[in-house]
Amino acid sequence: MNYKSSRRFAGLYGNACWVAVLLLQAGSASAEWDERLYNPMPLDDDIILPMPCDGAMAFRKIHIPSAGPLDDYPINIGQDGTGWGYVEQRRPSYVSGNFSEVEGGSRYYLLAKYETTQLQYEALMAEECPSPSTRLRLPAVSVSWFDATAAADRYNLWLRQNTEDILPQEDGVLGFVRLPTEIEWEYAARGGLEVGTAEFRDSRYPMPEGLNGHEWFAGPQSANGQLQLAGLLQPNPLGLHDVLGNVAEMMFEPFRLNKLDRQHGQAGGFVVRGGNYLTPQSDIRTSLRGEEPYYREAGQSQSGQVGFRLSLVAPTLTSRERIAAIDESWQHLGKDLADGDATQDTPGTVEQLSSLAAEQEDIALQEQLQDLENQLRASNQRQEEARNLAVRASLNLGSFLCTKLEDDGVFLDFLHNNYQMNCGVDSTDTSCDMRQQRLEEQDARLEALSRYYASSLVESATLYGENLLGEQVGVFEEIITHNKQLTQLKPYLHTHWENQREYLQQQHISTNDWLENCKAMAN
């Protein structure tokens, strides 16, 4: 480890006590941690960051599709019908990533693969390095929210002093760890892009091994009243372990109640999510959230059932270039909606309102016009986001129909060849009438499917235009890339998009050519 001088560290951060702790750890004899102590179920794409005391922490990338600097991804969080509507009512929300992928249009943030263990917590907070042992792989509990944020702060300072070259960056700005926000946590707990829309909205992520095989909860069939070692059970679809149960996890922001489509104005204690090893099996769900006070009578609030995992993120305004891109995107946000391939020669309603407001000498009237402009822009923005969802749905449908054209087209060719082989002019095969009937039925089925595909393709092309469709092709490709159930659609998406672009450019309906293009995917 590259431990830098205490003088430089103290000069940078002015925290003599923490410098002393760091130097004690640096000078203490400590064994390098065995991988099973920080990553008992390794995956090839894990992100591993070192820690003090020759330790480490494993993170997972949480991907989010993005096409522009102000893009965020619409999701639904919470759950209806739990009996706790004022706490868990389903509501729309949005999530985005902090880091840009080197290739592609997606962004991501990082979330710790496991709940922070006692070993990791002591490596950050204790005066001497702990002796690595399996018993310290238990989640760190009985720590306050302030202890957790202090641990994150110490980890950040240590990372900057010792691992600046490998710490994730955005626009050259170093990332940092903190407690996750509720949206970051719930998006990841539900499975992110790795699950379909219906699975994402379910009360639990898909569990092939059953709840007992994935999460710890109350009762003799599971935790049996005992805190369990991190990473013993199977992960969620994003590779995160113990995201529900075992210990409830602290969130970065304070607790708020729900008021149907928004959160209540009062902010209280801090939020804890996911339940713990004393939570009944029936209550284990991704929407489960509760409030813990920051303080109790005796001091800072601590609980043996509450722990934390860290999120690794980056600042938003990372460079002048990014600020300029955000500003340009903001200027166009919620402007008058137009056809994806059209250019407006006359000012739109938003622009006219803006000009009219600027011309007013009456301040009250000017403010009213500006408020009206902002309301109209917000309405346009909601319509644009809904339209983007509809565009992606049309691409999904077109890609799926292309798979059906392939299957049905190849099957028709098989029936035709089979008929030719067995039912020639001199054939005495008694099954020929049946074969002929099946051939005609399949031909009619394929013709109907081809017409439906062509109608769908032409309709979406007419509604959205090439620019809008092209923008969402990349976004939808990012979505299906990370969903194992949809990944096989990717080549069909490309074929469908080529079919659609051909129509957009030539304005010619080529049903047979589109069928042959989809059939060619079988090769």
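What we are looking at is a predicted model, and its protein chain averages a pLDDT of 89, with 92% of the residues scoring at least 70. The part I would ask you to read with that in mind is residues 1–29, over which pLDDT stays under 50, and for which the model has 47 contacts beyond four places in sequence.

Let me turn to N98, which sits in the loop between β4, residues 91–95, and β5, residues 99–100. With a relative accessible area of 13%, N98 counts as buried, because that value falls under 20%. Its side chain reaches the backbone oxygen of A314 at 3.0 Å, and, if we leave aside the neighbours within four places in sequence, the residues in contact with N98 are R107, Y108, Y109, E170, E184, V313 and A314.

Beyond four places in sequence, G105 is in contact with P65, S66 and A67, while G474, although 369 residues away in sequence, has its C-alpha 7.0 Å from that of G105.

Finally, on the surface, W84, Y86 and L257 form a nonpolar patch, which together has about 310 Å² of accessible area. Of these residues, Y86 belongs to helix α3, residues 85–88, and Y86 is partly exposed, at a relative accessible area of 45%.

Definitions and conventions: Residues numbered from 1 in each chain as written. Predicted model: local features only at pLDDT ≥ 70, side-chain atom pairs only at ≥ 80, totals over all residues. Heavy atoms only, no water. Helix = DSSP H or I, 4+ residues; strand = E, 2+ residues; numbered from the N terminus. Buried < 20%, exposed > 50% of the residue type's maximum accessible area, 1.4 Å probe, protein only. Polar contact = N/O pair within 3.5 Å; in protein donor to acceptor, adjacent residues only side chain to side chain. Contact = heavy atoms within 4.5 Å. pLDDT = per-residue confidence, 0-100. Patch = residues over 30% accessible without salt bridge, like charges linked within 9 Å, V, L, I, M, F, W, Y side chains within 5 Å. Areas by Shrake-Rupley, 256 points an atom, 1.4 Å probe, with all protein chains shown as cover. Salt bridge = Lys/Arg side-chain N within 4 Å of Asp/Glu carboxyl O.
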